[in-house]
Amino acid sequence: AFQQIKKLGFVKSKYSGDRGIGSTFEDLLGIEQNNSKESDLKCGDAKVADINSTSLQTLMTCDYHAWQVLKPKDVVEKYGYEDEETGLLALRTTFKHTPNNRGFYYDASDDEFLYVKNSDNITILQWTWDLLLKRFYKKLHGMVKVSAESEEREDGKYFRYLNYNILRCDDPQKLKQAYQSDSGLYIDIRCSYKYNKKGNLFLKN
């Protein structure tokens with residue numbers, strides 16, 4: 001299937017923003033857009049990256065049982081800022097084991113929990129390692145790492161898919177070890193107020 005996609009050359013994307021490169025590839029494979037907790041493919045989850053991009057890549061999303069200490073609303077109201085586009089409160093921050101410019105960092109030293117904290121020593125959220133490792137293995141027991149390149153044209157954005165590698169993870173404990181050894185993994189928090197179609201304000205996280 002990949003060789004057929006590769007032969008297509010540049011393919012026009014119907015998506016806007018950063019998700020286009022991955023979503024276009026999934027369309028070509030016949031994968032429906034989803035937020036599944038399981039892998040896209042039997043051999044692993046598809047992860048597509050532009051060879052000219054230095055952006056970080058999301059491995060998985062897991063807010064399940066994370067907000068046990070504070071509620072997202074309280075965190076956004078205390079640590080958030082005004083979104084330039086919407087004028088509403090938002091909090092978007094990426095961090096490692098040392099405090100970032102907003103004071104957020106993760107603490108992976110505990111054997112039972114992975115914590116997200118602020119420099120004022122407040123625990124923002126937490127996961128049990130057991131839950132996190134199960135989610136990780138279910139989603140990323142394998143990864144299909146796809147390299148692509150993009151091209152801007154007058155009628156939109158085009159992507160060409162170049163090659164792929166299949167990576168496997170037989171031991172989910174490696175995720176815990178990676179966080180505890182500072183191997184370059186980040187945590188990302190994305191919360192923002194928005195209006196729905198009925199004009200009601202809600203918090204998306």
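Which strand order does the open sheet of four strands with mixed pairing have? Some notes on that and the rest of the fold follow.

1. The order is β1-β9-β8-β2. Before going on: this is a predicted model, where local features need pLDDT of at least 70 and side-chain atom pairs count only at pLDDT 80 or more, while totals for chains, interfaces and linings use all residues. Residues are numbered from 1 along each chain as its sequence is written, and side-chain values use heavy atoms, with hydrogens and water left out.

2. On terms, helices (H or I, at least four residues) and strands (E, at least two) are DSSP runs, numbered from the N terminus. Strands pair if DSSP finds at least two bridges between them.

3. β1 pairs with β9 (residues 156–168) in the antiparallel sense over two bridges, and K12 stands opposite Y158 in β9. Helix α2 (residues 20–29) lies across β1, β2, β8 (142–153) and β9, at about 75° to β9. Axes here are lines fitted to C-alpha atoms, for helices over the stretch in contact, with angles from 0 to 180 degrees between N-to-C directions.

4. There is also an open, antiparallel sheet of four strands in the order β3-β4-β10-β11. Its edge strands, β3 (81–82) and β11 (201–204), each pair on one side only. Two antiparallel bridges link β3 to β4 (residues 89–95), and E82 has L89 in β4 as its bridge partner. Helix α3 (residues 72–79) lies across β3, β4, β10 (187–195) and β11, at about 90° to β4.

5. Now the helix pair. The axes of α4 (residues 129–140) and α5 (residues 173–180) come within 8 Å and cross at roughly 120°. In contact (heavy atoms within 4.5 Å) are W129, L132, L133 and F136 of α4 with Q173, L175, K176 and Y179 of α5.

6. Last, the cores, meaning sets of buried (under 20% relative accessible area, 1.4 Å probe, protein chains only) Ala, Val, Leu, Ile, Met, Phe, Trp, Tyr and Cys residues joined through side-chain atoms within 4.5 Å. In the largest, of 33 residues, V116 and W127 touch the most other members. α4 gives the most to this core, with six residues. Apart from it lies another core of 11 residues, including F2, F25, F159 and Y161.

Terms used: Buried means under 20% relative accessible area, exposed over 50%, partly exposed in between (1.4 Å probe, protein chains only).
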